[in-house]
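Subject: Structure handover

Hello,

Here is the structure I promised to pass on to you. Please have a look at it first, and then read my notes below.

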Amino acid sequence: MAISAPARPRVRPRNRPFPPEIERRFEALIFDWDGTAVPDRSADASDVRDLIEGLCRAGMDVFVVSGTHVGNVDGQLGARPEGPGELHLCLNRGSEVFRVAPRGPRLTHRRSATQREERALDLAAAVTIERLGARGLEAAVVSQRLNRRKIDLIPLPEWADPPKAIIDDLVEAVDARVRAAGFAGLPEIVNLALAAATEAGLPEAKVTSDAKHVEIGLTDKTDSARWIAGHLATRGIGPGLVLIAGDEMGPLGGLPGSDSLMLVPELGRSTSLSVGVEPSGVPRGVLHVGGGPDRFIQLLEDQLRRRLKGEPPGMDDDPGWSLSIVGVDPQQERAHESLMALADGRIGTGGSPLLTHAAARPLVLTAGAYDGPKPESQLLAAPLWDRLQGAMTPRSRIDRLLDLRTGLLFERVVAKGAGFRSVRFSSLARPGLAVLAAQGDPDLLEPGPAIRLPADAPEVRASRRDDSSWTTIRSEDSTIATTAWQTMGGDRRTASLVRIAAYVEGPPRDRVLERSSGHLRAARNAGVERLIHEHRAAWARRWSEADVTLEGDVELQRAIRFGLFHLMASVADAGEAAVGARGLSGPGYAGHVFWDSDVFVLPFLAATHPSAARAMLEYRIRRLPAALDVARERGREGARFPWESAASGRDVTPTSARDRRGRLVPIRTGLLEEHIVADVAWAACCYADWTGDREFLLGRGRGLLVETARYWASRIRWDRSGGAHIYGVIGPDEYHEPVDDNAFTNVMARWNLRRAAALGNAAGVSQFERLRWLEIADALIDGLDPRTKVYEQFAEFHTLEPLIIAEAAPRRPIAADLLLGRERVHAAQVIKQADVLMLHHLIPDEVAPGSLVPNLEFYEPRTAHGSSLSPAIHAALFARTGRLEEAESSFRMAALMDLDDLTGTTSSGLHLATMGGVWQALAFGFAGMRPHQNALAIDPQLPSSWGPLEIRVRYQGTPLRVRVERDRIRVNAGGRTSLLLGNASAPLAVHRGQTSFERSGHSWKEAPK
Amino acid sequence: MNAVLAVIEPGADAAVRSVAEEVARLLNATVRFSPFRPWAGVLRQAAEPDVSAVVIGHASFRFSSFLGHVGAIDRPIVRVPVSFRPPYSLRRVLVPMVGDIATASSLARAIEVSRASDLHVVVLHVAEADSIPAFNDQTAYETEAWAREFLARYVTIPPDQMDFEFRIGDPGWEIVRAVNDLGPDLVALGWGRRSSPGRARVVRRVLRDCQVPVLLVPLAAFSSVEDQGLAKTS
């Protein structure tokens, strides 16, 4: 990889090889100082300094772990790295961390003992020395360092400062000394010190020994390692990419080696080695390399050499965080490319093999760039940035791995005895920027042009400028400018490639090409390693806001993260975000924006990354004028948003299509599926409720609520008895059309009117108009039978053939319109997906109390679930009613919708709304979370087979980690917030930090700290 | 040069000749004639290495024994119906398939040859009730997306170079209906060359009820499902 290194350290020729586990590029290095990096504290460390500075410059994060203080380590090391890799000194045996930059070390973390703890440490040390002395073992406190007391067990001049090389002799001498005093060995002395610490009031004291000393402290190297693990998580570097080196990994004098304390569970998938003598061997899983500091320096040189030669970043195949595909299955390839798609909210790129393959369908899409203002408009195909010269052969071997943690797509290819490895990403830190880095045999790694035009591109211009190439693709609505640069390096045996492409989309006369060139220039100046670091860190921030963990089910855990990954990747968090039904993962649904976006995708973002939800709403806001025009043209007031939306904001729904029986059928959703109007209003309120941004509804978002209410007010028709009706619509159950008084449409409209009226005077709506809205809302027919509490889905639904699809179909889900034919389902009580029940999911306070259970019992058996939206919503509803086995089964189906290609159409893109539904099933359903009464309601209902479920959200500005179990809730709050637990009627306040609650009958009570 | 073996039998002579000549024209092959009897002679000639297809009527077989006889032939067989009358002009081919790899790879060659000869190919996918898709979100997009993917998976020709038909129901009946609806000049079916009871149900139905020549393409691998003449989508 190209490293912008002004001064590279000298890298000597390689010595003997390392064990195969180390023969790869690591992204972070953690090592002990004394004995590992330097033989002693007086040794010249200039080689180590040069190498560390070089490694940081080449992108590696380096952590020095030592028991000593910053003066000792920094004084000896003296490194002043510039980055992008970071150098941290984790010192004072786990109590301090310094970040070292060109200006020197800066304290970033310190564990400060309280006065009580200081006194307790003194007391523990004194008692220990006294008890040793009572047995005839002379010992002395040799230093009172930060948070610890160090006791010398062999305070004799000849053992004043023994070099590490004679550790065997030291251990023998100390052992003889303690045994002479009647102790069984060092472990007994450590236990004695521990007991003294506990008696002194430090039950969690850390007692360690390096044979010569025993130390009683508040921290030890485990604290350093844990801090590092946490810090690496913020950098997007998983444990699988970490190398830990020490010289005392193995037991010493019967005690665990001091460096083995770095092997904490949080770094459990890291690679660890020892360069020490290790007289008693090393723990299982640790590689014993030996060779001391000289060998360690060779290790640093090897890591630096790999980076200077352009080796792509290491690959972390953590099963909970990665998706792997081996080979190319011509049957499944296009679906696999959707699964492996990369996106940054602005552009999306299919996960095709880099080399040409007949089954592949390389694709780059740009969010919101359509090919014209027409019903058949679709997303413009953008130039391809990820193509290499050459083609796969039948004997080529390929494997791809998508790292969900970091959005890096790795690919390895072997063909004709040659091979290459690559990594590519769509930068979340710099949306619109795409990067490819590869290294391999020159015969196979041929770059070809940096960008290639897609087939059938409309108006195209392309040329070269300086050492970059550029293209523009124009439609009536938009222009996509792409500027790309690439460079080859290496030698006769190994070639390396770096390619960067910058995409900018804008209106036709926008200066997109200049902006694209500017982005590319800035990216080149940053260098690939910095781009990778920025990108990883950006993903780490997103996961810190939104990760969901489900313990005990690896398959579901990965499926959940897979969905969250693509949800986050598909939506920009600035400007406007036009989120098509398949996001940026494929061309399906022409990139048109449906209610999928407002009702299914947006809630996840409102609850985790509000700026992205806001960008989705901005898309609707900017198309409000078109919605106002359409309403006026239809003789209505207010805003009539389109069922399918693209660039202009006018409806782009096709009017006819061939069905799977080959018949031309009319498509009337564009004309009649009007609940989209209320769905848009609901999305605006969802955002406001989660964020607490109520100014939004009175300001820029006002039209989304007010103008939609005006639409409904003009849309209803009165009957003679004062009932208000909405005639001739299509509800979410699209098997029946047109219908009158669809319960979903009417109740959503009622909610829309009431919510808009509740804005009051501040919204600039007259009291007269608000009262009229409330009057209409009260009069709207909703089909509720007060006796049964069942809503009639639409007028006359109950007169249709009472066909129970759960009994009639060979299985469910099933596309009942294909099974029975359109005419039959139209005449029967067979529904496609949640319709009435969608009300219970979206606006539970607007439906009759206690009506969920009877409606679920009535409608679910009549539901074919022939929509991919259906399983997730039903999972949530089953969970709310305690039907947990059905909830789990529906949930699993939804979570695996694309991973198992259950629709057979994953090839045309991922089902983003299903992914949003999966999150809603977890949050709204299983965890029972939703904004309610100005508090966050939590009411968990977990299947017995599930372990704890932890969901991260941001409620009204406060980040929360909510961990739910069947009988326990644990909330980690980033500030003060209000919760409403179970069936409580009043919210309770929680403050920054962790609060736990236990189930007590039907309510929850705070658990003891 | 390859040869098309035309099996001449009383009552089907002209029809077989006409179809064989058209098939040979498409394959750029010569027509080689073989008398119907003795049947062992037909099998011997059909096994000649240069024979690329066999055209046969079954005027002389009882219907129930036809498949048993031709099952011994490992080349593509064009069966000419008894009622068929020349002249014959081959322009439009119906290729029913459900999408198994074995079926697809067998029929892919037939489709390629058809396309190379500028024949109009209609791929017919028949789903039985138990293989109806679970989901059908928005017809306006799902049909096309699903069809494109189906063709991409099971047919090597680009989707825009052929027509695609989808039917739901009993495969044999739906193929017969499609033949009646679409009027192809040839139906190409994969088959496992087994004719024991319970096998080759679809092939039997199509041979019995379609009044156009039927091309039987031997499958490379057999299964009980494939022996019905179609195979399941995996």
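**A salt bridge between the chains**

Glu142(B) and Arg582(A) pair through their side chains in a salt bridge, at 3.4 Å from N to O (a salt bridge is a side-chain nitrogen of Lys or Arg within 4 Å of a carboxyl oxygen of Asp or Glu). Glu142(B) sits in helix H5 (residues 139–154) of chain B, while Arg582(A) is in the loop between helix H11 (554–570) and helix H12 (595–608) of chain A, so this pair joins two chains. Helices (H or I, at least four residues) and strands (E, at least two) are DSSP runs, numbered from the N terminus. Glu142(B) counts as buried at 1% relative accessibility, and Arg582(A) is buried too, with a relative accessible area of 3%. Here buried means under 20% relative accessible area, exposed over 50%, and partly exposed in between (1.4 Å probe, protein chains only). Arg582(A) also forms a salt bridge with Asp137(B), where the closest N and O atoms are 4.0 Å apart.

A word on how to read all this: this is a predicted model, in which local features need pLDDT of at least 70 and side-chain atom pairs count only at pLDDT 80 or more, while totals for chains, interfaces and linings use all residues. Residues are numbered from 1 along each chain as its sequence is written, chains are lettered from A and ligands numbered from 1 in the order in which they are written, and side-chain values use heavy atoms, with hydrogens and water left out.

**The interface**

The rule finds five salt bridges across the interface of chain A and chain B, and 20 residue pairs are in polar contact between the two chains (both at pLDDT 80 or more). A polar contact is a pair of N or O atoms within 3.5 Å; within protein, one must be able to donate a hydrogen and the other to accept it, and residues adjacent in sequence count only if both atoms are side-chain atoms. On the side of chain A that touches chain B, helix H22 (816–820) of chain A gives the most, with three residues. Chain A brings 47 residues to the contact and chain B 28 residues (contact means heavy atoms within 4.5 Å). About 3100 Å² is buried between the chains, and carbon and sulfur atoms give 49% of that; buried area is the accessible area (1.4 Å probe) that two parts lose on being put together, summed over both.

**Other salt bridges**

Over all chains, a search of the whole structure finds 92 salt bridges. One of them joins Arg812(A) and Glu860(A) (3.2 Å, N to O), which lie 48 residues apart. Arg812(A) is partly exposed at 29% relative accessibility, whereas Glu860(A) is buried at 8%. A network of salt bridges links Glu23(A), Asp302(A), Arg305(A), Arg306(A), Glu311(A) and Arg421(A).

**The nonpolar cores**

The largest nonpolar core has 181 residues, and Trp690(A), Phe891(A) and Trp919(A) touch the most other members. Helix H16 (residues 675–691) of chain A gives this core its largest share, 13 residues. A second, separate core of 56 residues includes Val16(B), Ala20(B), Leu90(B) and Met97(B). A nonpolar core is a set of buried Ala, Val, Leu, Ile, Met, Phe, Trp, Tyr and Cys residues joined through side-chain atoms within 4.5 Å. Leaving aside neighbours within four places in sequence, Trp919(A) is in contact with residues including Val548(A), Phe604(A), Trp690(A) and Ile951(A).

Best wishes
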